[in-house]
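Here is a short walk through one chain. Keep the sequence and the 3D view side by side.

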Amino acid sequence: MDGVTHSLVGLTSAKAGLERWSPYATVVCILSANAPDIDVMSGFFGGRWTLLHYHRGITHSIIGTLALGFLIPSIFYAVDRAIAQWRKHPPKIRYRGLLVASLIAAATHPLMDWTNNYGIRPLLPWSGKWFYGDLVFIIDPYIWLVLGGAAFLLTSSRRLKIIGWSVLGIASTLLILLGPAQRGLTTTVVFVVRVIWILGLLAFILARWFNLQRRLKSIAFAALAFVVCYWGALALMHHAAYQNAFTRADQLAAENAEQSPSLAKRRRNRPSDLSFLCRRCSSAFDLAGTLRKALRLERATRVCCIARSSRSSSSRVRPVSVGASGE
Ligand SMILES: [Zn+2]
């Protein structure tokens with residue numbers, strides 16, 4: 001998913017309790033929640049095809065996530081120890097708490113990315129198989145609204161932070177209101193989403209205005225629980241939509257007196273859009289290979305025909321030439 005969502009998940013997880021496990025846990029949670037997307041750097045070195053090849057690869061795997069979740073708090077700890085030795089006072093960081101908080105935050109990244117149709121490859125480097133939930137788009141306004149609202153209530157303690165949240169709120173509102181809508185959504189749905197966004201935003205601003213965050217101590221937990229319930233609801237709708245598609249496909253097949261394709265099976269095994277694209281590419285390569293073989297066969301056939309015709313013509317000519325030579 002997008003960096004804003006990962007940052008909000010890291011921040012909300014920290015506010016839900018991980019921040020109490022060690023100093024700097026909030027910063028580490030935000031960094032670890034974003035860390036697997038470091039693979040986008042590959043785009044700077046090799047272009048978009050390199051990015052497409054490496055993105056959501058090893059850094060999003062189980063091994064990669066564990067390594068990054070371990071690396072970030074270890075760097076913080078090493079720096080903290082070095083500063084403590086230099087200033088001759090005990091280190092601030094509690095390494096074990098920071099490590100566990102970092103691993104939890106890092107684990108949220110592949111989990112969030114799995115919910116897209118793009119998917120992840122968690123078994124790399126042993127298997128490149130894609131896994132995907134196909135539940136939410138890469139940017140989801142409801143997740144932004146709920147996690148962002150909760151994080152805003154829990155962290156907007158100073159004027160500078162309020163200014164930062166205001167800038168983020170205005171930018172995201174402009175994107176939601178003026179940005180292009182997802183393909184396939186009707187104007188009514190887009191209108192409803194925009195109205196929910198505005199109402200939700202106003203509700204959080206009013207809650208902050210009346211300092212309700214002091215009474216809403218579990219709001220971080222509630223926001224994370226909302227995301228899980230939201231996924232559950234989408235999973236149910238997703239399942240229902242697939243069932244409808246299978247039924248309709250079977251109906252169409254029956255109407256056209258065709259054999260019903262094993263759509264259910266194919267859909268269940270359908271890879272993500274990207275791997276589908278790759279499959280299309282490999283099909284194209286297969287087709288190209290077949291064409292090459294056909295061309296080779298055709299060329300070979302043509303050579304055979306030419307050879308045969310030249311043999312037959314030479315055999316026709318030969319008696320003449322023999323005759324001629326005999327002359
Ligand atoms: Zn990612």
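The protein chain has 12 helices and 0 strands. Helices here are DSSP runs (H or I, at least four residues) and strands likewise (E, at least two), numbered from the N terminus. The model is predicted: local features need pLDDT of at least 70, side-chain atom pairs count only at pLDDT 80 or more, and totals for chains, interfaces and linings use all residues. Residue numbers start from 1 along each chain as its sequence is written.

Of the 327 residues in the protein chain, 24% are buried. Buried means 20 or more other C-beta atoms within 10 Å of the residue's own, with C-beta atoms placed from the backbone.

Now take helix α7, residues 141–155. Its 15 residues should span 21 Å at 1.5 Å a residue, and the end C-alpha atoms are 20 Å apart, which agrees. The expected span is 1.5 Å times one less than the number of residues. In α7, 12 of the 15 residues are buried. Among them are Trp144, Gly148, Gly149 and Phe152. The buried residues of α7 pack against α1 (3–15), α8 (159–178), α9 (187–209) and α10 (219–255). Contact means C-beta atoms, placed from the backbone, within 7 Å.

Turn to another pair. Helix α2 (residues 25–34) packs with helix α5 (residues 62–87) at an angle of about 145 degrees, their axes 9 Å apart. Axes are lines fitted to C-alpha atoms over the stretch in contact, and angles run from 0 to 180 degrees between N-to-C directions. Val28, Leu31 and Ser32 of α2 meet Leu68, Gly69, Ile72, Pro73 and Phe76 of α5.

Technical notes:
Contact = placed C-beta atoms within 7 Å.
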